[in-house]
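Let's take a walk through this structure together. Have a look at the picture first, and then we will go from one part to the next.

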Amino acid sequence: MLADNDSTRFFDAIGDLVQPGPTRTNVNDCRIILVG
């Protein structure tokens, strides 16, 4: 995977793959809820 520059398969295999949300990018998909 390293030689093929394939981070998607690597992170999927170890269970740490970040799937993008509705925007299909990793930008603006973070939601934070504050409970006070």
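Arg9 and Asp6 form a salt bridge, and their closest N and O atoms are 2.7 Å apart. The term asks for a side-chain nitrogen of Lys or Arg within 4 Å of a carboxyl oxygen of Asp or Glu. Side chains of opposite charge can pair when their charged atoms come close. By this rule the count comes to 1 salt bridge. Arg9 itself counts as partly exposed, at 47% relative accessibility; here buried means under 20% relative accessible area, exposed means over 50%, and partly exposed is in between, with a 1.4 Å probe and protein chains only.

A word on what you are looking at: this is a predicted model, in which local features need pLDDT of at least 70 and side-chain atom pairs count only at pLDDT 80 or more, while totals for chains, interfaces and linings use all residues. Residues are numbered from 1 along each chain as its sequence is written, and side-chain values use heavy atoms, leaving out hydrogens and water.

Now for the overall view. The protein chain has 1 helix and 0 strands, where helices (H or I, at least four residues) and strands (E, at least two) are DSSP runs, numbered from the N terminus. Of its 36 residues, 6% count as buried. The accessible surface of the chain comes to about 3,700 Å², and 55% of that belongs to carbon and sulfur atoms; such areas come from the Shrake-Rupley method with a 1.4 Å probe, and for residues only the protein chains shown count as cover.

In the segment before helix 1 (7-13) you will find Asn5. Asn5 has a positive phi of about 55° although it is not a glycine, and with a relative accessible area of 72% it is exposed.

Next come the aromatic rings. The structure holds 1 aromatic pair. Phe10 and Phe11 form this edge-to-face pair, 5.1 Å centre to centre with 75° between the planes. Rings of Phe, Tyr and Trp (its six-membered ring) pair if their centres lie within 6.5 Å; planes under 30 degrees apart count as stacked, over 60 as edge-to-face and the rest as tilted. Phe10 is partly exposed at 38% relative accessibility, and Phe11 is partly exposed at 35%.

Ile14 sits in the segment after helix 1 and is partly exposed at 45%.

Which residues does Leu17 touch, not counting those up to four places away in sequence? They are Thr8, Phe11 and Asp12, with contact meaning heavy atoms within 4.5 Å.
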